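User: I would like a close look at a single part of this model. Please keep the answer connected and plain.

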Amino acid sequence: MKYSFIVPVYNRPDEVDELLESLTKQTITDFEVIVVEDGSAVPCRDVCEKYRDLLNLHYFYKDNSGPGQSRNYGVERAQGDYVLILDSDVVVPAGYLQAVENELNTNDADAFGGPDAAHPSFTPKQKAISYSMTAFLTTGGIRGGKKKMDKFYPRSFNMGVRRSAYLELGGFSKMRFGEDIDFSIRIFKAQLRCRLFPEAWVWHKRRTDFRKFFRQVYNSGIARINLYKKYPESLKLVHLLPMVFTVGVILLGAVSLLGVVFMLMGCMALGQWLVVAGLSPLVLYSLALLVDAFCFYRSLHIAFLSVAAAFTQLMGYGFGFLQAWWRRCVKGKDEFSAFEKTFYK
């Protein structure tokens with residue numbers, strides 16, 4: 001067997017149903033699916049039973065230990081030459097596995113990953129969140145959309161690894177967040193061949209509302225500092241931009257507020273100038289997002305939501321980054337003591 005899909009899941013049976021349904025439509029059928037239930041209170045065992053006759057499916061239930069350790073659990077039980085790591089909130093197009101096969105036949109790789117996109121059936125909020133994570137104006141298009149990249153670091157929502165290489169590296173670490181980037185860094189440190197498979201893309205739902213999305217990107221900001229503490233060379237200028245954006249928004253907001261105070265005190269000219277100076281950059285950036293998102297989706301509703309999603313994404317990441325920098329780099333705490341509540345539930 002050449003391929004083993006590994007899917008960790010936590011309290012998301014409906015998502016697993018959609019993912020398994022999409023796997024039944026693959027044009028290449030020589031694969032197995034391993035679903036690892038990570039201590040869910042709402043298990044997906046019944047959902048998996050629906051696909052027993054349609055897929056070579058193996059279901060396992062284990063105590064909660066986080067997605068990274070659940071992937072390791074699944075890989076230890078896999079039979080394929082390659083393990084394909086998917087998050088439970090993705091749906092794969094019918095030609096996904098064929099795209100992987102084509103890339104491997106053209107130029108072999110030890111590890112690889114693909115981009116993500118929003119399915120037409122996704123809700124407006126899901127499409128807006130997808131935009132904020134993939135658009136040039138928010139992330140610079142670095143999350144799998146570029147064909148020419150010096151190094152492509154696969155993410156766990158769509159990642160493939162030669163099983164022998166996976167086991168040689170020891171799988172994912174015990175990091176609660178950022179464990180996929182940690183694994184990708186170790187892939188390159190081991191001098192393994194890793195690249196982007198641009199046609200092996202998935203539909204990625206991400207989060208269903210802005211509150212959950214904020215928490216997700218907030219944790220990503222924390223993870224970036226934790227990765228920096230492990231691999232100082234991994235921190236690049238682009239990783240600082242959400243933090244700079246967050247500080248900038250706060251400062252511009254403070255300037256605008258100061259302008260309002262001056263206006264209330266009777267200094268109308270100075271107050272109006274400060275309000276305009278504070279709000280203008282934010283308004284211009286918002287308009288650029290609005291136009292770009294509208295051109296992509298052709299929906300004014302989604303475009304406005306995309307503006308909100310972009311600010312949520314950048315500032316959520318920025319606040320997490322700043323908190324982690326303060327606790328770990330300034331106060332000198334280790335990962336456990338700094339984030340015991342969120343990393344070690």
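Is Pro242 buried or exposed, and what is its relative accessibility?

Analyst: The model is predicted. In it, Pro242 has a relative accessibility of 10%. The cut-off for buried is under 20%, so Pro242 counts as buried.

Pro242 is found in helix α10, which covers residues 237-264. Leaving aside residues up to four places away in sequence, Pro242 touches Leu314, Tyr317 and Gly318. One of these, Gly318, is 76 residues from Pro242 in sequence, yet their C-alpha atoms are 4.9 Å apart in space.

Helix α12 spans residues 300-330, and this helix also has a crossing with helix α5, residues 124-134. The two axes come within 8 Å and cross at roughly 50°. The crossing is right-handed. On the α5 side, the residues that meet α12 include Pro124, Ala128, Ile129 and Tyr131. On the α12 side, they include Ile302, Leu305, Ala309 and Gln313. By class, this contact has nine nonpolar, four polar and two charged residues.

A last point concerns the cysteines. A disulfide is a covalent bond that joins the sulfur atoms of two cysteines. With sulfur atoms required to lie within 2.5 Å, the count for this model is zero disulfides. Cys194, at 15% relative accessibility, counts as buried, whereas Cys295, at 44%, counts as partly exposed.

Terms used:
Residues are numbered from 1 along each chain as its sequence is written. This is a predicted model: local features need pLDDT of at least 70, side-chain atom pairs count only at pLDDT 80 or more; totals for chains, interfaces and linings use all residues. Side-chain values use heavy atoms; hydrogens and water are left out. Axes are lines fitted to C-alpha atoms, for helices over the stretch in contact, and angles run from 0 to 180 degrees between N-to-C directions. Helices (H or I, at least four residues) and strands (E, at least two) are DSSP runs, numbered from the N terminus. A crossing is left-handed if the near helix is turned anticlockwise from the far one by less than a right angle, and right-handed if clockwise. Contact means heavy atoms within 4.5 Å. Ala, Val, Leu, Ile, Met, Phe, Trp, Tyr, Cys and Pro count as nonpolar, Asp, Glu, Lys and Arg as charged, and the others, Gly among them, as polar. Buried means under 20% relative accessible area, exposed over 50%, partly exposed in between (1.4 Å probe, protein chains only).
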